[in-house]
Structures are given as C-alpha cells and as structure tokens.
Amino acid sequence: MQTQPQASHFIDGAYVEDTNGTPIEVIYPATGERIATVYAATPEIVDRALDAARRAQAEWAKMTGTERGRILRRAADIMRERNHDLSILETYDTGKPYQETSVADATSGADALEYFGGLAGSLTGEHIPLGEDWVYTRREPLGVCVGIGAWNYPTQIACWKGAPALACGNSVVFKPSETTPLCALKVAEILVEAGLPKGLYNVIQGLGEVGASLVTDPRVDKVSLTGSVPTGRKVYAAAAEGMKHVTMELGGKSPMIVFEDADIENAISGAINGNFYSSGQVCSNGTRVFVHKDIKEKFLSRLAERLDTAVIGDPMDPDTNFGPMVSERQMNIALDYVAKGEAEGARLVYGGRRIDRDGFYMQPTIFADVTDDMTIAREEIFGPVMAVLDFEDEAEVLARANDTEYGLAAGVFTNDLTRAHRIAAGFEAGTCYINTYNDAPVEAPFGGVKASGVGRENSKAAIEHYSQLKSVYVRMGDVEAPF
C-alpha cells in the first residue's frame, strides 16, 4: 500500500503541500520504520484552511438538511466499499491489528456518517403557542468547527467529529494527532468524492502549536477535542477565552466491578476488552478491575489462561489479535508504570515486559493485590496494564470506584438484576456498562463527567453540541408601551 500521502494537508477540496512546516515522520509501530513524512501547517496553511471553511459554510448552511444528509450517507457507502484499504492504512497508522481495524475503525466512521446523514433532515425547531401570539425556534449551525483528534482511532474520530458538524450545517477544520496523520486525509477525500462542496471538511497537520492557533482563532466557533485531561484543560481554557462552544472527550481511570455471582467467562471477556483491545490504548478502558474476594484467584487464574491464547505478531496477519503500541514513547510510559507498580508492592501476575522483536510491543500485563493509593490505580496509563483490586462489600466498592477525578466510563458484572441497575445509577461516570464493556454504538451518547470531559459525542445528543437555537417571538396584536 502507498502510505505516503499525496500531500500533507487537504484544503478547499484538494491536497496542499507546504514543506516550510516542521517535518513529521510517520512510524509504523510494528517495525519502527518510517513509512511517510508530512509537514506541520504553517500560519499560511492555517489561514487557508480557516478561510476556506468560513467561506464554504455560509452556502452549506442554506442547503436543506435532506440535501446535506444525502451527501453524508453517500460518503458512508463509499467508506464501507473501501473498508479493506482503509483498514490497512489504519493499521499502518496506528499499529492496531487488521483483525481489529477491519471491524472497528472505518466501519464505525461510516456508521457515524450514515447516522447523522439520516438525522440531518429532521433538525427542526418547535412552535410554542402563547394565545394569539407564538414563538418558533430555529436550529442553526454554529459556523466553523475545529476538531482535534487522538491517535488511537484516527478514522473513527475524524468521522465522529465531522459527521454531526456537517449534518448541522457547519464546516470543519480537523487536525489529526501528529502520531497518526494519514487516515483523516482519506476521510476528506471520500467526503468530496461523495459530493461535499469544497472547503467544508479540511485536514491540516501539526503539533500542539498548530492546535493552539486553531483554538484561539476568532474565525472558529466550536472546538471538539479527544485527548488527555492535561491537554483538555489547556484547550478548554483557551476556547473559553473566545467564548467558543466546546466538546471535551478526555481520559479516564475507569472502574469495572466483578461481583461473586458474575458469569466469570463474560467478566473476563469484558476485562480483556476493557484493558487489552487496541493494546490498552482506549480512553474508556476499565483499568481498575474490582473483583470480589471470593472469586479473585479463580478470576486471575482463568484470565492468565485466556491471555496465553493471545496471538501477538504482525498486525497485517488476520490471526494477530494483539499488536504493538502506537509509539516507542507510549510503550516506555506504560513500562514505567509497570516498574512503579512493582516498586509499590503490587503483585505482577502476568506480563509486564517488552517483547523481544522489532517494533513497540509489550506484553499484556496484570497486577493483583493493588490498593487504591497505588500509582497504577490512580493515574491513566494508556497501555495494556490491568490493576486488580479486592473488595467484599457493595457500598464500599462503589465508593472506591467513584474515588477518582475521572468519570468517563464504568462497568459492572453481576447476575443480580437489581444490583446491576443500582450500581449503574451510583457510578459517577458518563458511560456505563452492565455485563459488557466498551461497546460504543453511534446511537448512544458517549462522554464523561468530572475531569473526563464536557459534552457528548454520538447520538441525537451530539446535535445539541453542534447547533444552536434561535427563538423568534411573533406578536399578532398591537404592542403596548409605557409611553
């Protein structure tokens, strides 16, 4: 596959290059080899993208929702037709196994385009009768929306931000992570091929300073970030200075509670999905696994047996189901946390070491006998490191689960129906799971509370974050005045 893109940026419907920007090398995580080079956006590139987005948005907003939706649905069809090639590119970009990218990345991006394409024609206001008078509301676009993506799901995130923005009549300037800059360019290509007018979906590359220049630009009306909590705080503050609309989908240290009556195989499957899918690089992962003391050793023993069956290898091999981490830096961060876990007295049950092969592979890792105050139980690792904690009492474990600054996700495994819903109601998290973990259909709202974010992505809830209501009061009689 050709991994070097035609140019670094996609602006006003065409590829654009400017080699005056800082070079960004794209590294294939499975081998450590450079597979492409792109250039960070210069101020001139940023201006071109924002000017194109501002100019195109006014005409796009005049189109009917049905017309806008038709284009998004056509783009979804194209994306599904090219799922194989898009999945291969995603694997090169991220290192995730093709077995995963072929079912979870471009496909979920296509789902978002299709879903919001279907909603676009339904975005109406309401009529509010007031006797002879009445008020009607108009749902209107915000204007230019900036999306800033993370490196773990580059195709999906480009669509999760672009689809609702475009459905509502906005234009988009999207900056992918500098670690995974390739996939969003293909999303832009497909949208234009589907009939999206030029200038409505632009992609520019860059590091933090490029993102900062977008967030603070007065031409921008909305900022949507997927990233870490420290980055989110900075972006949120900068956007607030300009009174911009924001959606912040940030990190977490999410709890997963396994009661003694849970189906242990399903609970282990949930723990694997919530810790080792994408080599642990998922913001909503349930990395604090609270297991009832009565079943803890059985849980750990069976979990280790299941991990022994993981196929670790070439991400392009369809049999591989556990791949490398996205970068050497991220792998070393995770390995440092393993060292902290051992130093603080946690019991290393499985893994914990770098795998002796090319690329950025580390073993899936399990710690047991973890206490709430240990670093590996408090800080987001963003790698394949699971912390297993003991508990006995329901009220106690719920309080411990909520004792964190984060609140992105939480899960519970139990066969007690009333307890399951009671725990879900008690979780301080925006996205909760009962007897499953990390399912994220586009039809369901996704987002966090506390430090894990502001606003929601996906579902009809996202429309509220990419549009605004205008109220129009209509008086049918004379107007009274004091003089």
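1. A nonpolar core here is a set of buried Ala, Val, Leu, Ile, Met, Phe, Trp, Tyr and Cys residues joined through side-chain atoms within 4.5 Å. The model is predicted. In its largest nonpolar core, which has 82 residues, Y201 and F299 touch the most other members. Helix α6 supplies the largest share of this core, with 8 residues.

2. Y201 has contacts along several stretches of the chain. Leaving aside residues up to four places away in sequence, Y201 touches F10, A158, G162, L166, V172, F174, A184, V187, A188, L191 and L196.

3. The whole structure contains 7 aromatic pairs. One of them joins F10 and Y15: the ring centres are 5.2 Å apart and the planes meet at 85°, so this pair is edge-to-face. Both F10 and Y15 are buried.

4. W151 and F382 form another edge-to-face pair, with 5.2 Å from centre to centre and 85° between the planes. This pair links distant parts of the chain, 231 residues apart. W151 sits in the loop between β7 (144–148) and α6 (154–167), while F382 sits in the loop between α13 (375–378) and β16 (385–391). W151 counts as buried because its relative accessibility is 16%, and F382, at 17% relative accessible area, is buried as well.

5. Charged side chains also lie over aromatic faces. R357 is placed over the face of Y361, at 4.5 Å from the ring centre. R419 is placed over the face of F259, at 4.0 Å from the ring centre.

Definitions and conventions:
Residues numbered from 1 in each chain as written. Predicted model: local features only at pLDDT ≥ 70, side-chain atom pairs only at ≥ 80, totals over all residues. Heavy atoms only, no water. Phe/Tyr/Trp six-rings, centres within 6.5 Å; stacked < 30°, edge-to-face > 60°. Buried < 20%, exposed > 50% of the residue type's maximum accessible area, 1.4 Å probe, protein only. Helix = DSSP H or I, 4+ residues; strand = E, 2+ residues; numbered from the N terminus. Lys NZ or Arg CZ within 6 Å of the ring centre and 35° of its normal. Contact = heavy atoms within 4.5 Å.
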